[in-house]
Protein chains: 2
Amino acid sequence: MPPAADLGRALCVITGASRGFGRAVALDLCRLVQPGSALVLVARSGADLRAVQAELTESEAGRAGLKVEVVAADVGKLESLENIVRTSRDVFNDEMEKIILINNAASLGDVSKYVKGFTDMAEVDAYLSLNVSSAMCLTARLLQAFPAHAGLRRCVINVSSLCALQPFRSWGLYCTGKAARDMMFKVLAEEEPELRVLSYSPGPLDTQMQVEARTKTADPSIKKTFSNMFAQGQLLTCEASSAKLMKLLLEDKFTSGEHVDVFDV
Amino acid sequence: MPPAADLGRALCVITGASRGFGRAVALDLCRLVQPGSALVLVARSGADLRAVQAELTESEAGRAGLKVEVVAADVGKLESLENIVRTSRDVFNDEMEKIILINNAASLGDVSKYVKGFTDMAEVDAYLSLNVSSAMCLTARLLQAFPAHAGLRRCVINVSSLCALQPFRSWGLYCTGKAARDMMFKVLAEEEPELRVLSYSPGPLDTQMQVEARTKTADPSIKKTFSNMFAQGQLLTCEASSAKLMKLLLEDKFTSGEHVDVFDV
């Protein structure tokens with residue numbers, strides 16, 4: 001079967017949508033959904049988020065009636081999850097045939113120290129809450145708000161990383177959180193056969209997180225690897241990586257729950 | 001090289017030591033360490049813990065001078081970690097040539113619901129704090145309290161599970177936490193080449209956790225699998241599984257950071 005030409009009439013919820021990969025995904029989804037669709041964009045920074053909203057509203061899709069709502073909130077907070085679900089309910093209508101949730105919001109954690117430096121439970125708790133619990137609970141709340149029924153296809157994307165599969169020295173929190181998320185979404189895929197679940201590893205992206213990686217990573221050889229990738233132009237653009245994710249969504253051939261790397265698309 | 005006959009003069013710290021697998025490990029270590037060694041046993045239940053302490057103190061090793069200290073505390077609490085480290089420092093002496101930390105304390109999480117049922121961030125946060133953060137921070141604190149130096153071998157065991165590698169329906173929290181821990185200890189192994197790190201999967205054990213699994217698991221087929229294993233006598237005893245872990249420790253040939261399953265020993 002050839003890939004679909006578009007993603008249909010969809011409600012798309014994207015966390016971490018104000019910049020980097022999340023913003024690129026928002027721009028792509030905006031072009032690929034049919035008229036009558038809606039995007040719910042979530043990020044901590046209200047100003048950046050409203051800039052993306054303005055850009056999308058002025059785009060061709062925006063002018064053709066695409067609804068773009070924003071929730072300026074930290075996904076690590078309970079009331080944020082409630083706001084996201086309420087806003088999603090408000091813009092949803094029965095003519096929508098698809099829901100796509102992109103769990104993209106994430107933090108790198110303190111990469112200036114090794115695992116043996118993490119003696120403070122509050123720091124580790126806060127990291128796991130933002131990067132693991134919030135993704136689980138937002139996904140659960142949206143699935144409950146929009147239960148399975150004929151005529152509605154539901155798709156949940158976990159923005160993952162090579163770090164979910166492979167240990168990186170001084171990236172203890174990030175690797176731990178990404179491994180946790182991959183497994184959580186694998187369990188979800190087993191539990192909900194009608195749901196489409198994908199852990200997508202977007203590759204080394206030219207983002208603010210890579211600046212942190214190049215400047216703050218404690219391990220000298222890992223730090224050098226990131227610096228060299230940057231110097232040699234080996235980082236991917238968010239646009240290029242988002243295009244690969246769109247290809248996966250349009251083809252819709254992935255096995256639910258699997259981890260797919262950008263370099264394998 | 002043939003396996004060592006014993007584990008030398010060691011300080012062993014065991015969490016979740018009052019019953020089940022942790023208790024079996026404590027009994028085995030007690031037999032395998034040389035005179036002049038010490039065990040620090042940690043568990044929430046003070047009464048059960050003191051029963052194990054009495055048993056060990058009255059054993060041959062206890063009568064030969066093995067020190068057995070207990071810390072009745074919840075490893076999910078900061079002050080507990082401080083107590084464990086202080087007690088470990090108190091019983092350590094310079095003639096000890098080995099430190100063995102067994103990160104065994106764990107909870108199953110609510111298996112009566114699927115991932116889509118986890119809408120409460122506080123519940124997920126609490127689970128990850130007890131099962132992931134506490135293991136990371138206890139390990140970090142002990143490694144800092146007993147830094148690497150010539151003549152001291154340090155070994156950290158992560159009591160893992162098949163659930164770290166494979167999704168089980170309605171075991172979302174448990175799988176997520178175990179996957180997170182395996183990765184965390186893989187990163188640690190990469191970071192500390194002199195350290196010996198092992199993720200040991202003890203197999204389906206005939207413990208209180210298996211009673212919970214048989215009676216509370218939401219997914220009917222997973223629940224039936226556990227009930228059948230019990231009915232057909234396929235559960236392992238804690239003693240048999242602990243013996244395999246001791247074999248791994250005595251042979252000391254595992255690759256640091258790797259996941260080893262009881263059925264492969």
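**Reading a two-chain interface**

A: Let's start where the chains meet. In this predicted model, 100% of the interface residues of chain B are also interface residues in chain A, so the copies meet through the same surface.

Q: How many residues are in contact, and how much area do the two chains bury?

A: Read the count and the area side by side. On the count, 49 residues of chain B are in contact with 49 residues of chain A. On the area, the chains bury about 3900 Å² between them, with 71% of that on carbon and sulfur atoms.

Q: How many salt bridges and polar contacts cross the interface?

A: For these you go pair by pair. Four salt bridges turn up across the interface of chain B and chain A. In one salt bridge, B:Glu190 pairs with A:Arg169, and their closest N and O atoms are 3.5 Å apart.

Q: Which elements of chain B supply the side that touches chain A?

A: Look for elements that give two or more residues: in chain B these are α4 (78-91), α5 (121-145) and α6 (172-191). The largest share, 14 residues, comes from α5(B).

Q: Where is B:Glu192, and is it buried or exposed?

A: B:Glu192 is in the loop between α6 and β6 (196-201) of chain B. Its relative accessibility is 7%, and the cut-off for buried is under 20%, so B:Glu192 counts as buried. Skipping residues up to four places away in sequence, B:Glu192 touches A:Tyr114, A:Lys116 and B:Arg154.

Q: And which residues have the most contacts inside the largest nonpolar core?

A: The largest core has 114 residues, and the top ones are A:Leu11, A:Trp171, B:Leu11 and B:Trp171. Another core, of 41 residues, lies apart from it, and includes B:Leu29, B:Cys30, B:Cys155 and B:Val159. Back to A:Trp171: leaving aside neighbours within four places in sequence, its contacts include A:Leu108, A:Phe226 and, from chain B, B:Glu191.

Technical notes: Residues are numbered from 1 along each chain as its sequence is written. Chains are lettered from A and ligands numbered from 1 in the order in which they are written. This is a predicted model: local features need pLDDT of at least 70, side-chain atom pairs count only at pLDDT 80 or more; totals for chains, interfaces and linings use all residues. Side-chain values use heavy atoms; hydrogens and water are left out. Contact means heavy atoms within 4.5 Å. A nonpolar core is a set of buried Ala, Val, Leu, Ile, Met, Phe, Trp, Tyr and Cys residues joined through side-chain atoms within 4.5 Å. Buried means under 20% relative accessible area, exposed over 50%, partly exposed in between (1.4 Å probe, protein chains only). Buried area is the accessible area (1.4 Å probe) that two parts lose on being put together, summed over both. A salt bridge is a side-chain nitrogen of Lys or Arg within 4 Å of a carboxyl oxygen of Asp or Glu. Helices (H or I, at least four residues) and strands (E, at least two) are DSSP runs, numbered from the N terminus.
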